[in-house]
There are 2 protein chains.
Amino acid sequence: MMACDLCDNVGGELLWNSTLCRIVLVNDPDYPGFCRVVLNRHIEEMTDLEAGERSLMMRVILATETAVREVMQPDKINLASLGNMTPHVHWHVIPRFRDDKHFPNAIWGEAQREGMQRTVDVAQLRGALEKALAQF
Amino acid sequence: MMACDLCDNVGGELLWNSTLCRIVLVNDPDYPGFCRVVLNRHIEEMTDLEAGERSLMMRVILATETAVREVMQPDKINLASLGNMTPHVHWHVIPRFRDDKHFPNAIWGEAQREGMQRTVDVAQLRGALEKALAQF
């Protein structure tokens, strides 16, 4: 098996962890509040997971969406599981703003402008995640 | 309220429909087998849905992934809910191949090559969807 970046590394600032998956804050200055939900074992596709695990993972992803919306108040949330470069199940939860670097393009598309700089209050995000995860 | 493309149009070739959502085949010659799961009412974010609806919608999306994997045998599946241009909940379920137009980039990123041309057997896809949806 080839080395896998998400097997070998946490992939960001660890915000929450469980047996199944972890939530990390991505260090992307253009997208503060951008979180990833990363499966804690090496599986390529969501449909390779057992049904109960899929359901639990999706609940964690949508709890993350809830917390990111609360803290960042974005114009839109983008959710994506791509994994073309790192085929290890992980989900992007990205707060988007009309004045961010790529809007309305995907963040993987062509940049539209320099992008308004924002910051994230990590303590507030941790609190919002704890609250959202307790309700899912 | 502004006109919404996914309120006004089916958005592709209708493969399956329910009260909550529909599955359509996207007409993209570079991505045969590319399906979208579209909510049948105008809501912007997954977390604006009730918990039971979120769960049902995710089961439909993953049934679609199962069927697309079976029929297209892709190297990777990409799942995404963006909605920056059309803020009406819809999910992209995209079969990806190492020799497709953008791989390993997202399909919204820079093209890498002309891309191997493939076709989809729509009757086979309908059958695979029916089977997958019956099991989810």
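Tutor: Let's start with a word we'll need: a residue is buried if its relative accessible area is under 20%, exposed if over 50%, and partly exposed in between (1.4 Å probe, protein chains only). One more thing before we look: this is a predicted model, where local features need pLDDT of at least 70, side-chain atom pairs count only at pLDDT 80 or more, and totals for chains, interfaces and linings use all residues. Residues are numbered from 1 along each chain as its sequence is written, chains are lettered from A and ligands numbered from 1 in the order in which they are written, and side-chain values use heavy atoms, with hydrogens and water left out.

Student: Okay, which residues of S2(A) point one way and which the other way?

Tutor: A:Cys21, A:Ile23 and A:Leu25 go one way, A:Arg22 and A:Val24 the other, and all are buried. Strands here are DSSP runs of E with at least two residues, helices are runs of H or I with at least four, and both are numbered from the N terminus.

Student: Why is strand S2 of chain A called largely enclosed?

Tutor: Five of the five residues in S2 (residues 21-25) of chain A are buried, so the rest of the structure largely encloses the strand.

Student: What makes S1(A) and S2(A) a pair?

Tutor: Two strands pair if DSSP finds at least two bridges between them. Strand S1 (residues 13-17) of chain A has four bridges to S2(A), running antiparallel, so by that rule they pair. A:Asn17, for instance, has A:Arg22 as its bridge partner, and a hairpin of three residues links the two strands. On to strand S3 (residues 35-39) of chain A: five antiparallel bridges tie it to S2(A), with A:Leu25 partnered by A:Cys35.

Student: Which strand of chain A pairs with S4(B)?

Tutor: Strand S4 (residues 76-81) of chain A does, in the antiparallel sense over three bridges. There, A:Leu79 sits opposite B:Ser81.

Student: Why is the meeting of B:Glu45 and A:Lys76 called a salt bridge?

Tutor: The rule wants a side-chain nitrogen of Lys or Arg within 4 Å of a carboxyl oxygen of Asp or Glu. The N to O distance for B:Glu45 and A:Lys76 is 2.8 Å, so the pair qualifies.

Student: How many residues are in contact between the chains?

Tutor: 32 residues of chain B are in contact with 32 residues of chain A, where contact means heavy atoms within 4.5 Å.
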